[in-house]
Amino acid sequence: MKNKIIKKKETRNNLEETIRNQTDELKSKTGQIKRGVDREKIAQEQILIRTKAMESTTDGIFIIDATKPGFPLIYTNPSFQSLIGYSKNEIIGKNYFLIYGSDADSRVVEEIKQTMSRGESFHGEMLNFRKSGKKFWSSLRITPVRDTKGETTHYVGIQTDTTLMKQRNLEIEEQREELLHVTRVGKLAEFVSSLAHEISQPLTAILAYAQAAQRLLKDKEPKVYEILQYIINDDQRAAEVIRRLRYLLKKSKPAFEPLDINVLINDTVTLIMPHIASRNKVIKFELDTTLPQIMGDRIQLQQVLLNLISNSLEAMEASSDSLELMIRTSRKDSDMIMVEVKDSGSGIAAENMQKLFVHFFTSKPDGLGMGLSISRSIVEAHGGRLEAENNSDRGANFYFTLPIKIKNSQ
Amino acid sequence: MATGKMKIFIVDDDESVCRALRTLLMTYGFEIITFNSAQTFFEKVPPEVPGCLLLDIHMPGLDGWETQKRIMASGSKRPVIFISAEKKDDAMGRALNVGAVGFLQKPVNGETLVELINVASENYQMANHEE
């Protein structure tokens, strides 16, 4: 009897142990499941974060399926869609290269395809076209994605709009060019300044010698006296040229005063008249005598006129049958007057038209390429514009506008 | 009249300019001595020797401004006329500020120069009379 009880007790103990074991096992399995669920939850969270990151980055991101022909897009983020101007539905499943548009640089596209087929990464910059046809520059990076066996299954691409950066670089480049110009002009000014100094020394000596000789020969040799006077006049003319050149390159602020443009034109033509006559050319005027005064720097505006007139004379030099130079003034509108210098010369060659006013551009064998660019700066400093065009029959027309002097309201 | 005329010193690094100005001024009866540098002028001409100085500005070594400063510092009342190719906007004002009698731009017109020398000479003689 006692044995039976003991046996029963053993059986119960075994049973309890089994249950305990099974409970433990169950607990551990539950734990495992729970851990699995947690892990999956974490994994899902990570996917979500990664997706969100890809969706919210400002760079365009796309994925191409490499296992199918025709480079179909299987994913694009919103930034990519707004970059190229297509909606998601319009591009998913479509050939990636088709969205470049037919205007894209075919060499770059070919290079990308070649690089991809070799299983390498592509990185470069290219000009793209939006759906609207609008151009944009982008930096593009395409990288192959491989499976465990090393086969390329996808390509992931990152595309960034670099148009603004490119524009800024261009602007910086332009400013640099401008600065170079200024430096070159500055160098020229320096050169002219030292040249002017060197030339004014002999001019000083020539003038003093000639004036001394005049005093010694006065009343004795009237013919020689006259010749000496011509030497003196030419010496002073040369000195005036240097003075004007210096003044011009000094880039000083113009000294504005009320001016009658017609009087200024007459004065200027007087200066250059011997030049015109010696070349057997004729100068004609069509001056509007009712024009109001302008505010301007006399010397600078004379320089512009002299420049335009001597250019015209040179243009007419070649052909003996082009005789006539015409200067016309007129009222352009309520604010502006206009001055035209028209010649009957060879006109402006089409390829030179764009470069006419650029510093150091010249079509003359011995020209400096400064005249027209300086003239334009002067006119612009006066608030006007200097332009050029060919006449319908023959020759060129250089014309500039100047603002009318505004009367005080008092 | 010629006896009352002042001696004229010309300082210019350009020999031809010196010779030409001397030739010209001689026709007006002046006595002229030329120097190719300010240094030689200071060596040869003591401050108390009367005479008007025609002074170039741009010269190697002592330039015109520096030369004029030295003359002033020595207490000399020597009239100085600057003659320069330079025409900075303020050159005239600057020249008068540092005690020069005048400023003429090269190339110089003979009559203008002589007028200025005569004015300088009269002033100088009047000033010396008062002393």
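Modeller: Strand E1 (residues 60-65) of chain A is joined to E5(A) by six bridges, and the two run antiparallel. Helices (H or I, at least four residues) and strands (E, at least two) are DSSP runs numbered from the N terminus, and two strands count as paired if DSSP finds at least two bridges between them. This is a predicted model, in which local features need pLDDT of at least 70 and side-chain atom pairs count only at pLDDT 80 or more, while totals for chains, interfaces and linings use all residues. Residues are numbered from 1 along each chain as its sequence is written, with chains lettered from A and ligands numbered from 1 in the order in which they are written.

The faces of E1(A) divide by residue: A:Gly60, A:Phe62 and A:Ile64 lie on the covered face, and A:Ile61, A:Ile63 and A:Asp65 on the uncovered one.

These strands belong to an open sheet of five strands in chain A, ordered E2-E1-E5-E4-E3 with antiparallel pairing. Its edges are strand E2 (73-76) and strand E3 (122-129) of chain A, each of which pairs on one side only. On average, neighbouring strands of this sheet are turned by 25 degrees against each other, direction ignored. Further along the order, strand E4 (residues 135-146) and strand E5 (residues 152-161) of chain A run antiparallel and are joined by nine bridges. There A:Thr143 stands opposite A:Val156 in E5(A). Helix H4 (residues 106-117) of chain A packs on the sheet and touches E3, E4 and E5 of chain A, its direction making about 145 degrees with that of E3(A). Contact means C-beta atoms, placed from the backbone, within 7 Å; axes are lines fitted to C-alpha atoms, for helices over the stretch in contact, and angles run from 0 to 180 degrees between N-to-C directions.

Next come the helix pairs of chain A. Helix H7 (residues 261-278) and helix H8 (residues 298-317) of chain A pack at an angle of about 40 degrees, with their axes 10 Å apart. H7(A) and H8(A) are therefore oblique to each other, given that angles under 35 degrees count as roughly parallel, over 145 as roughly antiparallel, 65 to 115 as roughly perpendicular and the rest as oblique. H7(A) passes H8(A) in a right-handed crossing; a crossing is left-handed if the near helix is turned anticlockwise from the far one by less than a right angle, and right-handed if clockwise. Among the contact residues are A:Leu264, A:Ile265 and A:His275 of H7(A), and A:Arg298, A:Leu301 and A:Leu313 of H8(A). By class this contact has 10 nonpolar, four polar and one charged residues, where Ala, Val, Leu, Ile, Met, Phe, Trp, Tyr, Cys and Pro are nonpolar, Asp, Glu, Lys and Arg charged, and the others, Gly among them, polar.

H8(A) also meets helix H10 (residues 371-381) of chain A: the axes come within 9 Å and cross at roughly 145 degrees. The crossing of H8(A) with H10(A) is left-handed.

A:Asn280 lies in the loop between H7 and strand E7 (282-286) of chain A. A:Asn280 is exposed, with 9 other C-beta atoms within 10 Å (20 or more make a residue buried, 12 or fewer exposed, in between partly exposed). Its C-alpha atom is 9.7 Å from that of A:Glu317, 37 residues apart along the chain.

Finally, the other chain. The contact takes 18 residues from chain A and 15 from chain B. On the side of chain A, helix H5 (163-217) and helix H6 (222-249) each supply at least two residues, and H5(A) gives the most, with 15. The residues of that side are 10 nonpolar, five polar and three charged. Chain B has its own open sheet of five strands, E2-E1-E3-E4-E5, with parallel pairing.

Technical notes:
Contact = placed C-beta atoms within 7 Å.
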